[in-house]
Amino acid sequence: MISVFCTARLAATGFALLVLITYGFCHVFSGRGAFLQVGALVGSIMVGNVLFIIIPNQRKTVDALIAGREPDPIWGYQAKQRSIHNNYLTLPVVFVMLSNHYSFTYQTKWNWLILAGVSVASFLVRHYFNAMHTGAEPDWRLWPAAALPIALAAVLTLADSYSAPSATAEKPISFTEVRVIVEQRCHVCHSAHPKFPAFSEPPKGVMFDTPSQILQYSKQIFAQAVKTHTMPLNNITEITEAERAALGSWITAGSRTN
Ligand code: HEC
């Protein structure tokens, strides 16, 4: 018979494996790609649970009942176990889907730990609501327990984003040079009419068509293309480290256009 302990043990083993795989993905793919890959993996596990355990076991139970036989209780326990696992896996998948729009979640070197921590927090929150839905009094201590890994994730993100950019340019950078870099490396997507075929409008509304727009976004340019390598997307336009450093120097010197 499958006990609660057994369900938890399988979940813990699966989670430990997922963290290990996430660590690996984060060291092979870009943070963004790694998170997507983890999301696809977890989504596949959930589909597999339904397709290979829950539905077949239900069929076996129904077939046994129709044939007038006693259904093996293990079928029901197994299906319940996998449906509990799927229930706890939904929030991490939602987080992974949303995370791709927020580079602070996946861009730091601690991204794998942040994903693991947020997942643990989501399991605890889920546990609270599951208990509540059975009519029992849920344990309030689950909230501070969930807040802990979230706080850790925030600290890790902040610690990484306060580290200095890797390089600075040797000489002062003029706005003309900055414009050339932005034209070459960013403008193909970030324009009122992007030339990049995947976009019919500027991503997140960010446009670099005029000097004032570049100026307006200078802080974000620093965050996305100097401090982190979130932009250009997957470095599709092949910006160099020297160009990132040039953008950084211009911005730290006060983003002057004259
Ligand atoms: C291949 C297309 C592409 C290129 C080239 C590109 N970006 Fe982006 N950029 C995007 C997409 C897509 C998003 C929206 C990302 C999202 O929603 O998560 C974005 C978002 C941004 C944002 C907003 C980020 C936010 O979270 O608010 C900034 C700032 C930005 N890019 C700056 C740059 C800079 C600077 C460059 C050049 C060094 C650049 N981008 C090159 C596609 C591109």
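These legends describe close-up views of a predicted model.

**View 1. Packing of helix α2 against helix α3.** Helix α2 spans residues 31-66 and helix α3 spans residues 73-99. The two helices pack at an angle of about 160°, and their axes are 9 Å apart. Angles over 145 degrees count as roughly antiparallel, so α2 is roughly antiparallel to α3. The crossing of α2 and α3 is left-handed. Sorted by class, the residues in the contact of α2 with α3 comprise 16 nonpolar, eleven polar and two charged.

**View 2. The cis peptide bond from M231 to P232.** P232 is in the loop between α9 (218-227) and α10 (241-252). The peptide bond that joins M231 to P232 is cis, and its omega is near -10°. Most peptide bonds are trans.

**View 3. N234, a residue with positive phi.** N234 is placed in the loop between α9 and α10. Phi of N234 is near 55°, which is positive although the residue is not glycine. Most residues other than glycine have a negative phi. N234 counts as exposed because its relative accessibility is 67%, and the cut-off for exposed is over 50%.

**View 4. E238 in the loop between α9 and α10.** Phi of E238 is near 55°, a positive value in a residue other than glycine. The relative accessible area of E238 is 60%, so this residue is exposed.

Terms used. Residues numbered from 1 in each chain as written. Predicted model: local features only at pLDDT ≥ 70, side-chain atom pairs only at ≥ 80, totals over all residues. Heavy atoms only, no water. Axes fitted to C-alpha atoms, helices over the stretch in contact; angles between N-to-C directions. Helix = DSSP H or I, 4+ residues; strand = E, 2+ residues; numbered from the N terminus. Parallel < 35°, antiparallel > 145°, perpendicular 65-115°, else oblique. Left-handed = near helix turned anticlockwise from the far one by under 90°. Nonpolar A, V, L, I, M, F, W, Y, C, P; charged D, E, K, R; others polar. Buried < 20%, exposed > 50% of the residue type's maximum accessible area, 1.4 Å probe, protein only.
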